[in-house]
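Visitor: I would like to learn how to read a structure of this kind. Could you take me through it one feature at a time?

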There are 2 protein chains.
Amino acid sequence: MSPTAHEHIVKSFDSELQRLYGEIVRMGELATSQLDGAVDVMLRRDTKAAQRVVANDEAIDALEREVSHDVLRLLALRQPMARDLREVYAALRISADIERIGDYAANVAKRSTVLNQSPVVAPIHGIPSLARLANDLVRDAVQAYADRDAQRALMVRNRDVELDAQYTGLFRELLTYMAEDPKQITPCTHLLFMAKNIERIGDHATNIAENTWFVVHGEALPAQREKGDLTSQ
Amino acid sequence: MSPTAHEHIVKSFDSELQRLYGEIVRMGELATSQLDGAVDVMLRRDTKAAQRVVANDEAIDALEREVSHDVLRLLALRQPMARDLREVYAALRISADIERIGDYAANVAKRSTVLNQSPVVAPIHGIPSLARLANDLVRDAVQAYADRDAQRALMVRNRDVELDAQYTGLFRELLTYMAEDPKQITPCTHLLFMAKNIERIGDHATNIAENTWFVVHGEALPAQREKGDLTSQ
């Protein structure tokens with residue numbers, strides 16, 4: 001192969017990888033904007049707008065299918081090795097995590113439509129700040145991925161502890177509220193599941209961070225702590 | 001390359017694929033036995049045994065790491081194409097789904113330890129039959145995968161509707177129970193999350209079925225219905 005032909009193939013592989021990264025960053029933007037949207041329609045008690053948020057999830061799903069398709073094509077045609085292979089592998093994993101984040105955001109919007117069927121419940125105020133923290137984690141994780149910044153990725157995982165603690169506080173508050181006013185059991189149950197969805201978003205941000213670490217270092221980030229919520233301990 | 005050398009490489013690739021399939025089937029066996037175990041320790045109110053179920057989840061996680069490792073090695077060394085590439089890709093996806101099923105089973109066991117802190121709550125009886133149905137789906141999905149039986153895989157997806165309906169019934173029953181006896185709100189909330197975990201296991205069985213379809217047919221199973229629970233509709 002002439003040096004020019006080789007250069008051409010390398011350049012073209014790089015541009016395909018760039019396309020993949022772009023799709024993932026775009027997925028991350030959509031997913032965080034979906035969670036912002038879900039909280040917004042919940043606070044405005046706007047059922048029609050909530051249905052739009054639910055419908056918009058399809059755009060994220062479509063991007064994930066595109067990433068999977070591109071990954072399979074890259075693997076078949078380019079047969080990447082070493083770091084390139086890790087890049088392709090991580091793209092697949094990260095796109096699956098962002099797809100789940102989108103599902104959770106859509107579920108928050110969907111459950112808000114049930115809340116609109118009864119009067120406002122007090123502990124709803126805990127949801128926006130939980131969602132803000134979760135979205136910070138997702139944005140940081142996607143930015144760390146985009147910059148291949150393993151240190152920043154590590155910080156995402158550490159900050160997920162904050163989200164778990166805030167979720168646990170809200171969980172307890174919701175249980176107390178239900179006990180004091182049993183009429184609110186149904187809406188509070190949906191708030192519980194909304195909070196749980198948001199706590200899970202933090203776990204997926206952590207997964208993105210761990211895959212970013214893997215791309216950069218070629219090995220798994222060492223286990224640190226038990227993941228997830230503390231309400232069943 | 002001599003025909004014998006080529007045959008040797010092909011045989012060795014096949015045996016590596018077989019190893020991958022074996023790991024996945026083993027993961028499926030472990031995950032279903034974990035869910036059986038979680039329900040058993042819940043019914044026996046055995047906190048020590050529940051902690052063992054939680055600890056056993058590590059065996060599934062370790063197998064998933066092994067599958068990922070084997071997939072990366074196969075991609076790098078064998079550079080599979082067409083159906084072989086789909087096989088490797090599906091193995092990665094399916095192992096991730098089974099790993100999540102294991103997490104949900106472990107979470108059921110973990111939450112059962114909270115139930116042991118208060119008297120028995122009546123609607124606990126709904127959990128075993130929900131778990132039985134979910135485990136049927138997982139066993140069918142893994143068997144359909146092991147046999148590359150796309151028709152059987154299709155049936156798994158269709159039967160997930162039953163699980164969603166049964167989950168929705170239990171969800172409503174639990175809410176009614178909480179309203180009638182607010183002292184039971186905390187244990188019933190954990191039962192709600194346990195039921196939700198089991199409903200999610202059905203979604204992952206569906207994912208396994210969809211990936212099996214993809215391996216066999218080389219294209220995605222057409223969308224059929226909205227997945228998931230109906231309690232927020």
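Guide: What follows is a set of questions and answers on the chains, their interface, some helices, salt bridges and backbone angles. Please keep in mind that this is a predicted model.

Visitor: Let us start with one chain. How many helices and strands does chain A have?

Guide: Chain A has 6 helices and 0 strands. Read from the N terminus, its elements run α-α-α-α-α-α. The C-alpha trace of chain A spans about 75 × 40 × 20 Å along its principal axes.

Visitor: What share of the residues of chain A counts as buried?

Guide: Of its 233 residues, 58% are counted as buried. Contacts can also be sorted by how far apart the partners are in sequence. Among contacts in chain A between residues at least 6 apart, 84% join residues at least 24 apart.

Visitor: Now the interface. How is its size expressed?

Guide: Interface size is often given as the accessible area that is lost when the parts come together. Here chain B and chain A bury about 3,300 Å² between them, with 64% of it on carbon and sulfur atoms. In terms of residues, 39 of chain B are in contact with 39 of chain A.

Visitor: How many salt bridges cross between chain B and chain A?

Guide: The rule finds 2 salt bridges across that interface. A:Arg93 and B:Glu64 form a salt bridge, with their closest N and O atoms 3.2 Å apart.

Visitor: Which elements of chain B give two or more residues to the side that touches chain A?

Guide: They are α2, α3, α5 and α6 of chain B. The most comes from α3(B), with 12 residues. By residue type, this side of chain B divides into 20 nonpolar, 10 polar and 9 charged residues.

Visitor: How do I read the length of a helix such as α3(B)?

Guide: Compare its end-to-end reach with the span expected from its residue count. With 34 residues, α3(B) reaches 50 Å from its first C-alpha to its last, close to the 50 Å expected at 1.5 Å a residue. As for cover, 30 of the 34 residues of α3(B) are buried. In the case of α6(B), 33 residues reach 48 Å, close to the 48 Å expected. Since 29 of the 33 residues of α6(B) are buried, this helix is largely enclosed by the rest of the structure.

Visitor: Back to salt bridges. What is the general idea?

Guide: Side chains of opposite charge can pair when their charged atoms come close. Over all chains the count comes to 46 salt bridges. One of them joins A:Arg78 and A:Glu16 at 2.6 Å, N to O. A:Arg78 is in helix α2 of chain A and A:Glu16 in helix α1, 62 residues apart, and the pair links distant parts of the chain. A:Arg78 is partly exposed at 25% relative accessibility, whereas A:Glu16 is buried at 15%.

Visitor: Where do B:Arg19 and B:Asp70 lie?

Guide: These two side chains meet in a salt bridge of 3.2 Å, N to O. B:Arg19 is in helix α1 of chain B and B:Asp70 in helix α2, so the pair ties together parts 51 residues apart in sequence. B:Arg19 is partly exposed at 42% relative accessible area, while B:Asp70 is buried at 3%.

Visitor: What about a pair within one helix?

Guide: An α-helix has 3.6 residues a turn, so residues three or four places apart point the same way. A:Arg100 and A:Asp103 are 3 residues apart in helix α3 of chain A, separated by about one helical turn. They form a salt bridge, their closest N and O atoms being 2.8 Å apart. A:Arg100 is buried, at 17%, and A:Asp103 is partly exposed, at 22%. Leaving out residues up to four places away in sequence, A:Arg100 touches A:His204 and B:Arg200.

Visitor: Last, what should I look for in the phi angles?

Guide: Most residues other than glycine have a negative phi. A:Ala82, in helix α3 of chain A, has a positive phi near 50° and is exposed, with a relative accessible area of 54%. B:Arg148 also is not a glycine and has a positive phi of about 50°. B:Arg148 lies in the loop between α4 and α5 of chain B, and it counts as buried at 17%.

Note on methods. Residues numbered from 1 in each chain as written. Chains lettered and ligands numbered in written order. Predicted model: local features only at pLDDT ≥ 70, side-chain atom pairs only at ≥ 80, totals over all residues. Heavy atoms only, no water. Contact = heavy atoms within 4.5 Å. Buried area = accessible area lost by both parts, 1.4 Å probe. Salt bridge = Lys/Arg side-chain N within 4 Å of Asp/Glu carboxyl O. Helix = DSSP H or I, 4+ residues; strand = E, 2+ residues; numbered from the N terminus. Nonpolar A, V, L, I, M, F, W, Y, C, P; charged D, E, K, R; others polar. Expected span 1.5 Å × (residues − 1). Buried < 20%, exposed > 50% of the residue type's maximum accessible area, 1.4 Å probe, protein only.
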